[in-house]
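Me: I would like to go through this model with you, starting with the local geometry and then turning to the packing. Here it is.

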Amino acid sequence: MLTYEEYLRRVPKVELHCHFEGTVRASTFADLARRHNVELPTEEVGKLYEYDTIYEFLKIFAMVSSTLIVREDFARAAYESLADGVELGNLRYREMFFNPTLHTRRGIPMATCIDGLIDGISDAEADFGVRCRLIADVYRQDDPAVARQMVEEVLEHRRPELIGLGMDGAEAPDPPEKFVEAYRLAGRNGLRLTSHACEDAPAQNIVTCLDQLGCERIDHGYHVLESPDVTARCRDEGIYFTCCPTSTAVVYGWPDLSAHPIKDMVGAGLRVMLNSDDPTMFHTDIGQEYMRLCTALGYGTDQVRKFVLAGVEAAWLDDGERAAMRSSFTAQLDALEAELDGDRPGTAPGPGTGPGPGTAPEPGAVSPPSGRGAA
Ligand SMILES: [Zn+2]
């Protein structure tokens, strides 16, 4: 028999919002720093990923990047990142962000970065059967010309594994319209398009991403709920939101996951799937993201299945790959549900399957504050 938490950890998963540089193990960060003589703020590995604001977090993110120098560094970190996803959350497929300009501005050739990542991805696929594709991210604090040049270099070093363009960094000071040119260039050359939006900025940024940048998905998107019009549009157009419970709980101050905006996004009928964002830096993993959010919100197996299959539908797979993944995931979900014991946190007594999307908030469906813990 499976406990509900084990079931949540073991359901097969797609991850579409995960930053390579934010998946580096603290021990690997320390090891690479030693090897390349990068000075660390502390000798204690357990304290390397401690910070209070997104701005401090971005500083550490850049420091981790600065320890990735030769092709083998990128390969090792990418391999370990996927191994962790498989072990801790039954990750089967990931589209993983990386920030090229964090590396190229330090003099690391684009080819070193991309080829190293692909080495690690290929080895992980051979060892664990997990697949991974890459999304190059615009860094919002860069100039538009730097972003455009990054896209040009990515296109020059195009590999089949590199399939998309995204955008991250602090959103409020640098809105998406700044990077229209980079997005149009990428789109014209066949890269798929997504962007972080509405983390701490108004819903209008989603409209800009969809209409001016040509984005197909929205990463995060929580403030969409402030605009009934934009919410209705995203629902009607079936836009997928790649949401990240723990990282946003930490950075944006929603420490009680039972009150996280994801709850109301699901309630509004938006298409949401779950991700770990920067798992090692936020002391989480893709298995824990499902466990923490679904138990905090009292979601039953029906909603878990919706999150899992939304990942399959939102992924940039071709039709044959998607159909194969859908049927394999469905079979695994069926088998895991059959193994579940009767103890399903947050579900009503009896054989019910818990709240589904589109239902009003259910009194009693929310368990006590989650054991988030970003320490
Ligand atoms: Zn992110």
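Me: Which residue just after helix 8 takes a positive phi?

Reply: That is G190, with a phi of about 85 degrees. Please bear in mind that this is a predicted model.

Me: And which residues of helix 8 are buried?

Reply: Helix 8 covers residues 180-188, and V180, A182, Y183, L185 and A186 are buried there.

Me: Is N37 buried or exposed?

Reply: N37 is exposed, since its relative accessible area is 71%.

Me: What about N90?

Reply: N90 is not a glycine either, yet it has a positive phi of about 50 degrees. N90 sits in the loop between helix 4 (71-89) and strand 2 (91-98).

Me: Staying with strand 2, is R94 buried or exposed?

Reply: R94, which is found in strand 2, counts as buried because its relative accessibility is 2%, and the cut-off for buried is under 20%.

Me: What is R94 in contact with, beyond its neighbours within four places in sequence?

Reply: With those neighbours left aside, R94 is in contact with E15, C18, T23, S81, L82, G85, R131, C132 and R133.

Me: How far is R94 from V24?

Reply: Their C-alpha atoms are separated by 15 Å, and the two residues are 70 apart along the chain.

Me: L82 belongs to helix 4. How does helix 4 cross helix 6?

Reply: The axes of helix 4 and helix 6 (residues 110-128) come within 7 Å and cross at roughly 35 degrees. The crossing is right-handed.

Me: Which residues meet there?

Reply: From helix 4, R71, F74, A75, A78, Y79, L82, A83 and V86 take part. From helix 6, the residues include T112, C113, G116, L117, G120, I121, A124 and F128. By class, the contact of helix 4 with helix 6 has 12 nonpolar, three polar and five charged residues.

Me: Next, the other end of the chain. How do helix 13 and helix 14 pack?

Reply: Helix 13 (residues 286-296) and helix 14 (residues 301-314) have axes that come within 11 Å and cross at roughly 140 degrees. Helix 13 is therefore oblique to helix 14. The crossing is right-handed.

Me: What is the make-up of that contact?

Reply: Y290, L293 and C294 in helix 13 meet V304, F307 and V308 in helix 14. The contact of helix 13 with helix 14 has six nonpolar residues, with no polar and no charged ones.

Me: And at what angle does helix 14 pack with helix 15?

Reply: Helix 14 and helix 15 (residues 319-339) pack at about 160 degrees, with their axes 10 Å apart. Helix 14 is therefore roughly antiparallel to helix 15. Helix 14 passes helix 15 in a right-handed crossing.

Me: Which residues of helix 14 meet helix 15?

Reply: T301, R305, V308, L309, V312, E313 and A314 do so, and among their partners in helix 15 are R322, R326, F329 and E337. The contact of helix 14 with helix 15 divides into seven nonpolar, two polar and six charged residues.

Me: Another topic: where is C198?

Reply: C198 is in the loop between strand 5 and helix 9 (204-211). At 0% relative accessibility, C198 counts as buried. Apart from neighbours within four places in sequence, C198 is in contact with residues including E171, N205, Y222 and H223.

Me: Finally, how many helices and strands does the protein have?

Reply: The protein has 15 helices and eight strands. Its radius of gyration is 20 Å, close to the 21 Å that the globule rule gives for 375 residues, so the protein is as compact as a globular protein of that length.

Me: What share of the residues count as buried?

Reply: Of the 375 residues, 58% count as buried.

Key. Residues numbered from 1 in each chain as written. Predicted model: local features only at pLDDT ≥ 70, side-chain atom pairs only at ≥ 80, totals over all residues. Heavy atoms only, no water. Axes fitted to C-alpha atoms, helices over the stretch in contact; angles between N-to-C directions. Helix = DSSP H or I, 4+ residues; strand = E, 2+ residues; numbered from the N terminus. Parallel < 35°, antiparallel > 145°, perpendicular 65-115°, else oblique. Left-handed = near helix turned anticlockwise from the far one by under 90°. Contact = heavy atoms within 4.5 Å. Nonpolar A, V, L, I, M, F, W, Y, C, P; charged D, E, K, R; others polar. Rg over C-alpha atoms; globule rule 2.2 N^0.38 Å. Buried < 20%, exposed > 50% of the residue type's maximum accessible area, 1.4 Å probe, protein only.
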